Amino acid sequence: ARIRVFPPRILAAPSSRPRSPASRSPDLLCVAQLNPHKKVEDVLRLLAAYRNLEPTAKCHVVGRPRHRAYRDYLHWVERTELGLPEGAVVWHGTVSESDLTGLYRQAGALISMSEDEGFCLPVMEAMGHGTPVLAYGIAAVRETLDGTGITFSSRQFDHLARALHALLQDDA
């Protein structure tokens, strides 16, 4: 009788209808606490492969790092391993609800590479905003998507970039 449950707060979306390819940005969105198991470095690797098809694409990363070492590693992957140009990755940190809503509306797709989720709130929010989802297919993500979006089990970034590019060009 003393246990209280506080459900997650999901951002209200103006419309759950998918946007047409003409209105979609090539930009990617990653919303996650910046912890190693979220595999944000793999989001950056996908961005690098995707930029071969969409050279102006950016990745907006929302979330703050919990560990300085992981933040430093992500910047090393961005600059040294991948050689992404300045501005290709936009690090937002913590944002307001209205800013996050704007990022969902602007993004071509939400990308999740997380290897551990209890309940993937960003996937639900993206779906509510009509933003396509490309996510690593762990059980919680597959259950949340329930046949929508694209899940994958292999991190073949060139293949994923082509699938993402096709997804963002296809009305269906």
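**Aromatic cluster.** I looked for ring groups and noted that Y70, Y73 and W76 form one aromatic cluster. My pairing rule takes rings of Phe, Tyr and Trp (its six-membered ring) with centres within 6.5 Å; planes under 30 degrees apart are stacked, over 60 edge-to-face, and the rest tilted. By this rule I count three aromatic pairs. The ring centres of Y70 and Y73 are 6.4 Å apart and their planes stand at 35°, so I logged this pair as tilted. Both Y70 and Y73 sit in helix α2 (residues 68-81), three residues apart, about one turn of the helix.

**Accessibility of the two tyrosines.** I used these classes: buried is under 20% relative accessible area, exposed is over 50%, and partly exposed is in between (1.4 Å probe, protein chains only). Y70 has 6% relative accessibility, so I put it down as buried. Y73 has 32%, so it went down as partly exposed.

**Conventions.** The model is predicted, so I kept local features at pLDDT of at least 70 and side-chain atom pairs only at pLDDT 80 or more, while totals for chains, interfaces and linings use all residues. Residues are numbered from 1 along each chain as its sequence is written, and side-chain values use heavy atoms, with hydrogens and water left out.

**Overall build.** I noted six helices and six strands. Helices (H or I, at least four residues) and strands (E, at least two) are DSSP runs, numbered from the N terminus. Along the sequence I read the pattern β-α-β-α-β-α-β-α-β-α-β-α. Of the 172 residues in the protein, 46% are buried. For contacts I required heavy atoms within 4.5 Å. Among contacts with a separation of 6 or more, 74% join residues 24 or more positions apart.

**Helix crossing.** How do the axes of α1 and α6 cross, and at what angle? The axes of α1 (residues 40-50) and α6 (residues 157-169) come within 8 Å and cross at roughly 70°. I fitted axes as lines to C-alpha atoms, for helices over the stretch in contact, with angles from 0 to 180 degrees between N-to-C directions. The α1 side of the contact is D42, R45, L46, A49 and Y50; the α6 side is F157, D158, L160, A161, L164, H165 and L168.

**Loop residue.** I checked G118, which lies in the loop between β4 (109-112) and α4 (121-128). G118 is exposed, at 74% relative accessible area. From G118 to A139 I read 9.2 Å, C-alpha to C-alpha, across 21 residues in sequence.
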